[in-house]
Amino acid sequence: MKINIVLIFLFVFLLSYYILSILLLDGRFTYTTSFNSGTIQESKKRNIFVSNDLVVIPSGKSLENWEENFEIWTNKRYTIHYFGFVFHYTNYYEGDRYLNVEFKPKVNRILKESCCYLYPYNKEIIGCCGQFYTKTNDTVKMVFVDCKNKNEIGALTIIVR
């Protein structure tokens, strides 16, 4: 009799866990995700910050003082694998990085409104700033163009550490 009660309780608990997990994880029991922060401070707080001391080679007169307009840093790349809403583990990828390029808060408004860049891998124009998946020692070249007339403004070549 006690075994039946324990088994029924266990079955109800597991069923409840499964249903609640599906509700909380967008219809899935197993779920994989990763997070990236939008600022260097958030990266440091989450303990994923790697470096903002990168080799950046500017070309083009308007990007010579890139440090005044951009924050450029790398994060560790990781994923979190969930099994239900309680159980999870984190997987770090040793040589993989996210290269983050963001405008500083007090950036030149004209530069911010006129800059688009060509995504380095498929050459599509996608807008200013963002995040790139890279590996250590990769070289990423961001070509900035004027969004309206598609004229090249300059480029930043970044060597990831």
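Reader: Why is F83 called partly exposed?
Author: This is a predicted model, and the value is computed from it. F83 has 38% relative accessibility. Partly exposed runs between under 20% for buried and over 50% for exposed. So F83 counts as partly exposed.

Reader: What about Y89: which class does Y89 fall in?
Author: Y89 has a relative accessible area of 42%. Exposed would need over 50%, so Y89 is partly exposed.

Reader: What makes the rings of F83 and Y89 a stacked pair?
Author: Two numbers. The ring centres are 6.1 Å apart, and a pair needs centres within 6.5 Å. The planes stand at 20 degrees. Planes under 30 degrees apart count as stacked, so this pair is stacked.

Reader: How many aromatic pairs are there?
Author: The count comes to seven aromatic pairs.

Reader: Why is the pair of Y18 and F29 called tilted?
Author: Their centres lie 5.3 Å apart and their planes at 35 degrees. Stacked needs under 30 degrees, and edge-to-face needs over 60.

Reader: Are Y18 and F29 buried or exposed, or what lies in between?
Author: Y18 is at 41% relative accessibility, and F29 is at 28%. Buried means under 20% and exposed over 50%, so Y18 counts as partly exposed, and so does F29. Y18 and F29 belong to one aromatic cluster with Y17, F85 and F87.

Reader: How do you know that R77 and D96 form a salt bridge?
Author: Their side chains meet at 3.2 Å, N to O. The limit is within 4 Å, so the pair qualifies. R77 lies in strand β4 (residues 70-83) and D96 in strand β5, so the pair ties together parts that are 19 residues apart in sequence.

Reader: What makes R77 and D96 buried?
Author: R77 has a relative accessible area of 18%. D96 is at 8% relative accessibility. Buried means under 20%, so R77 is buried and D96 is buried.

Reader: Which residue does D96 form a salt bridge with at 2.8 Å?
Author: The partner is K135. This pair links distant parts of the chain, with D96 in strand β5 and K135 in strand β7 (residues 130-135), 39 residues apart. K135 is partly exposed, with a relative accessible area of 40%. The structure holds two salt bridges, and R77, D96 and K135 are linked in a network.

Reader: What makes you say that a charge sits over the ring of Y93?
Author: The charged end of R77 is 4.4 Å from the ring centre of Y93. The distance limit is within 6 Å. The charged end of K76 sits over the ring of Y92, 5.7 Å from its centre.

Reader: Why is N100 called buried?
Author: N100 is at 3% relative accessibility. Buried means under 20%, so N100 counts as buried. N100 is found in strand β5 (residues 87-103). Leaving aside neighbours within four places in sequence, its contacts include N36, E71, W73 and Q131.

Reader: What makes the approach of N100 to Y98 a polar contact?
Author: The backbone oxygen of Y98 lies 3.4 Å from a polar atom of the N100 side chain. The distance limit is within 3.5 Å.

Terms used:
Residues are numbered from 1 along each chain as its sequence is written. This is a predicted model: local features need pLDDT of at least 70, side-chain atom pairs count only at pLDDT 80 or more; totals for chains, interfaces and linings use all residues. Side-chain values use heavy atoms; hydrogens and water are left out. Helices (H or I, at least four residues) and strands (E, at least two) are DSSP runs, numbered from the N terminus. Buried means under 20% relative accessible area, exposed over 50%, partly exposed in between (1.4 Å probe, protein chains only). A polar contact is a pair of N or O atoms within 3.5 Å; within protein, one must be able to donate a hydrogen and the other to accept it, and residues adjacent in sequence count only if both atoms are side-chain atoms. Contact means heavy atoms within 4.5 Å. Rings of Phe, Tyr and Trp (its six-membered ring) pair if their centres lie within 6.5 Å; planes under 30 degrees apart count as stacked, over 60 as edge-to-face and the rest as tilted. A charge sits over a ring if NZ of Lys or CZ of Arg is within 6 Å of the ring centre and within 35 degrees of the ring normal.
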